[in-house]
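These are my notebook entries on a structure that is new to me. I set down what I looked up, entry by entry.

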Amino acid sequence: MNENATGGGALAGVTVLELGVFMAGPFATMQLADLGARVIKIENPDGGDQTRSTGPYVSGESVPNMLLNRNKESITLDLKDPTGREAFMRLVERADVVVENMRPGVMARLGTSYEEVSARNPRIVYASASGWGQDGPLAPLAGLDIMAQARSGLMSITGFPDSPPAKVGVPICDLTAAMYVALAVTAALVERDRSGQGQHIDVSLFESGVSYAVWEAAAYFTDGTIGRPNGSAHQNQAPYQAVHSADGFVTVGANTPRNWERFCAALGLEDLLDDARFGQSYDRLTHREALIARVEEKTQTMTTDEIVEVLNAAGVPCAPISDYGEVFTDDHLQARDFYWDSDHPVAGTVRQIGSPMRLSRTPARRGPAGPSLGADNALLDDLGFTPEELTKLKGQ
């Protein structure tokens with residue numbers, strides 16, 4: 001076991017077993033590991049998590065895998081083999097949490113369902129992330145992030161009117177489901193302190209995507225209005241979008257009466273304050289096309305940097321649209337020490353995205369990069385197996 005595996009943190013003392021692949025499960029347990037939990041990633045000996053076959057690579061190690069699985073340990077077990085399954089169950093007896101994101105039914109076929117696991121350890125918190133949930137008519141179907149984005153309505157409001165459907169640029173349903181898993185696991189652990197009992201957590205990518213539709217639900221539940229894509233524009237506020245500058249685009253958010261007045265004054269557009277079409281927030285939304293055309297007459301005469309400087313000085317929310325080359329070298333993020341370097345015995349130094357969770361007394365852990373497949377198989381040595389069984393478990 002590496003030295004950082006049981007380091008300090010808000011969740012120090014919590015042991016998590018992860019049966020995760022790709023994104024939702026591993027990203028959820030990464031949050032728990034960052035907060036101090038000991039996360040043991042259990043992988044198939046035949047290649048492990050599929051993310052390991054995703055580039056780019058450094059010294060043969062997948063960089064996405066090393067980012068998603070930092071602060072974790074890796075052991076290999078064949079859960080289809082009785083000895084491998086028994087090893088998992090013995091780990092369960094010592095664990096607090098199991099996180100899995102297999103298709104519903106897979107864990108039951110392996111003999112590692114919540115019912116079977118909780119029979120060995122009634123205090124276990126067992127979280128299942130899946131495309132559509134553990135029950136319902138869609139449950140048996142494969143469900144990847146893009147399918148969840150499609151069914152959840154997210155793709156129906158992303159992009160510009162009269163353009164082909166577009167998904168959010170990152171796997172937002174995967175990532176949101178992961179965050180809900182991490183939150184639910186933490187809540188279930190708190191509840192277990194009161195009741196002494198674990199429980200099963202069911203999180204779907206589908207419902208995670210639908211949970212974002214606050215503005216759309218308010219409109220539909222009120223009068224049946226169905227949300228449509230608005231490009232970068234807000235559903236019910238204006239001006240709140242990207243506008244043209246002389247050298248690109250800049251985002252502006254003059255969405256309160258005070259910000260609207262400051263916005264107009266800063267850009268020399270005071271005449272808009274006297275235009276009845278733009279008097280109140282609803283008026284500006286109703287006449288958004290005319291409003292933005294008028295605003296862009298001015299902004300297209302200024303560079304993005306000039307607009308940002310003027311609006312920031314006036315206290316009006318605004319920002320340039322950064323590409324990731326700019327994000328990963330951003331001065332503000334550098335000043336806040338957001339990015340950091342982790343160590344890997346094969347790949348060397350691996351740059352990591354920081355945790356947004358900044359706890360004053362128990363900060364997020366900055367341990368090793370995601371381990372090589374089976375790097376911590378020595379953990380199996382103290383589970384009570386014979387030397388012959390250990391040889392079989394380790395594939396030696």
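Which residues does T112 touch, not counting residues up to four places away in sequence? I found R85, F88, M89, M107, V117 and Y126, where contact means heavy atoms within 4.5 Å.

Before going further, I note that this is a predicted model, in which local features need pLDDT of at least 70 and side-chain atom pairs count only at pLDDT 80 or more, while totals for chains, interfaces and linings use all residues. Residues are numbered from 1 along each chain as its sequence is written, and side-chain values use heavy atoms, with hydrogens and water left out.

**Entry: T112, continued**

I located T112 in the loop between helix 4 (106-110) and helix 5 (114-120). Helices (H or I, at least four residues) and strands (E, at least two) are DSSP runs, numbered from the N terminus. T112 counts as buried because its relative accessibility is 0%; buried means under 20% relative accessible area, exposed over 50%, and partly exposed in between (1.4 Å probe, protein chains only).

**Entry: the whole chain**

I then turned to the chain as a whole. It has 17 helices and 13 strands, and its C-alpha trace spans about 85 × 45 × 40 Å along the principal axes. Of its 396 residues, 45% count as buried. The accessible surface comes to about 19,600 Å², of which carbon and sulfur atoms hold 55%; such areas come from the Shrake-Rupley method with a 1.4 Å probe, and for residues only the protein chains shown count as cover. Among contacts between residues at least 6 apart in sequence, I noted that 68% join residues at least 24 apart.

**Entry: domains**

I looked up the domain assignment, whose bounds come from an automatic or database source. Domain 1 is given as 15-212 + 332-395 and domain 2 as 240-320. The centres of domain 1 and domain 2, taken over C-alpha atoms, are 43 Å apart.

**Entry: nonpolar cores**

Which residues of the largest nonpolar core touch the most other members? They are V16, V97, V181 and V185, in a core of 33 residues. A nonpolar core is a set of buried Ala, Val, Leu, Ile, Met, Phe, Trp, Tyr and Cys residues joined through side-chain atoms within 4.5 Å. At least two residues of this core come from each of helix 1 (24-34), strand 6 (97-100), strand 7 (125-130), helix 8 (172-195) and strand 8 (199-204). Helix 8 gives the most, with ten residues. A second, separate core has 26 residues, among them L91, M107, V117 and F385. In soluble globular proteins, nonpolar side chains tend to be buried together.

Leaving aside neighbours within four places in sequence, V16 is in contact with T29, L32, A37, R38, V39, I40, V97 and V99.

**Entry: a surface patch**

I found a nonpolar patch on the surface formed by V170, Y324, F328 and I353, with about 380 Å² of accessible area together. Y324 is found in helix 15 (residues 324-327). Why does Y324 count as exposed? Its relative accessibility is 53%.

**Entry: backbone details**

I recorded a cis peptide bond from G55 to P56, with omega near 5°; P56 is in the loop between strand 2 (38-43) and strand 3 (57-58). Another cis peptide bond joins A238 and P239, with omega about -5°, and P239 lies in the loop between helix 10 (214-223) and strand 9 (240-245).

Is N71 buried or exposed? I note that N71 counts as buried, because its relative accessibility is 3%. N71 lies in the loop between helix 2 (63-68) and strand 5 (72-76) and has a positive phi of about 65° although it is not a glycine. F22, in the loop between strand 1 (15-19) and helix 1, has a phi near 60°, a positive value in a residue other than glycine. At 45% relative accessibility, F22 counts as partly exposed.

**Entry: G315**

G315 and A266 are 49 residues apart in sequence and 9.5 Å apart in space, C-alpha to C-alpha. Residues up to four places away in sequence aside, G315 touches N259 and R262.

How values were computed. Patches are made of residues with over 30% relative accessible area and no salt bridge: like charges are joined within 9 Å, nonpolar side chains (Val, Leu, Ile, Met, Phe, Trp, Tyr) within 5 Å. A salt bridge is a side-chain nitrogen of Lys or Arg within 4 Å of a carboxyl oxygen of Asp or Glu.
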